[in-house]
Amino acid sequence: MRVLVLDIGGTFTKYACMDEAMRFLERGKIPTPQDSRESLIEALGQIYDGLLPLDGIALAMPGIIDPEQGCCRMGGALRYNDGFFLRQALYRRCPVRICMENDAKCAALAEAAAGSLQDVDDGFVLIFGTMIGGGYIKDRKLHRGRHCSAGEVSYIVTDRDSMAGPDTIWGTRCGTPYLCRLYAERIGADPREVDGVQVFEAVARRDPDALDCLERFTKEIAVQIFNLQTVLDVERFAIGGGISAQPAFLQAIRDQLQALYRRCPYTVPQAEVVACAFQNDANLIGALQCFFRAYP
């Protein structure tokens, strides 16, 4: 069997042709269209055309996704997808079986099945990309919630005196682009010309500006992990996304968490933080699992 698996991100769309043994037969990535849902459907259609024959399509994507209805209730980083019955539109372009799920929920399924959460009952996946994806595993099952939005951490308001907006929600304050912007502003560079690779190269050199930016960035992440752990009492947090491949990133989160616990005057359960076992492939692997559950 050949399934086209797509991980649609706010900046890039990764794709792979995979089989029932979870093997990658072909893979690549393209820029994610930023202008319209029509452009997105056509971009995905062109990938489909280039990989025929195919038995189906599995989608991992940002936002609040209703997999039963095949609808993006809210598009997350791709707001043109708000209220979009994407599965139906994509089927008209690519007439094969199609399933779709939120990207971080896909990652959570993959990690719970065979990754960093496979030996715990309750866990939480955080995927750091354009924004922050979240997936909540409860009693070894994905918990979607009444409105398919359980685990949607990007919209946590971080400023008690402000309404939810681009400058105050956790997804934009701690998505990877924000770290790049912090460092660019510190060194007087154009934020569009600074990426995560440059930031962590500077961290490896022990550049004081880069180290300070990483400390500020991960302190805010640690605060929200502290809050999530207090409410959900999960056994483990698994961190994914491209930035998770940087050991300095995970270590900084752990250091900031320990600092919070040392200063906390109360005895509270402490969060364990690990890397996703599948790292950048977690969304793809989880999406393929969703496909085989939908079409056994």
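Analyst: A polar atom of the S116 side chain lies 3.1 Å from the backbone nitrogen of A277. A polar contact here is a pair of N or O atoms within 3.5 Å; within protein, one must be able to donate a hydrogen and the other to accept it, and residues adjacent in sequence count only if both atoms are side-chain atoms. This is a predicted model, in which local features need pLDDT of at least 70 and side-chain atom pairs count only at pLDDT 80 or more, while totals for chains, interfaces and linings use all residues. Residues are numbered from 1 along each chain as its sequence is written, and side-chain values use heavy atoms, with hydrogens and water left out.

User: Is S116 buried or exposed?

Analyst: S116 is buried, because its relative accessible area is 15%, and buried means under 20% (1.4 Å probe, protein chains only).

User: What does S116 touch?

Analyst: Leaving aside residues up to four places away in sequence, S116 touches E111, R236, A238, V274, A275, C276 and A277; contact means heavy atoms within 4.5 Å.

User: Changing topic, at what angle do α5 and α6 pack?

Analyst: Helix α5 (residues 176-187) and helix α6 (residues 196-204) pack at about 60 degrees, with their axes 9 Å apart.

User: Which residues meet there?

Analyst: L179, C180 and Y183 of α5 meet G196, V199, F200 and A202 of α6. By class, six of the contact residues are nonpolar, one is polar and none is charged.

Notes. Buried < 20%, exposed > 50% of the residue type's maximum accessible area, 1.4 Å probe, protein only. Axes fitted to C-alpha atoms, helices over the stretch in contact; angles between N-to-C directions. Helix = DSSP H or I, 4+ residues; strand = E, 2+ residues; numbered from the N terminus. Nonpolar A, V, L, I, M, F, W, Y, C, P; charged D, E, K, R; others polar.
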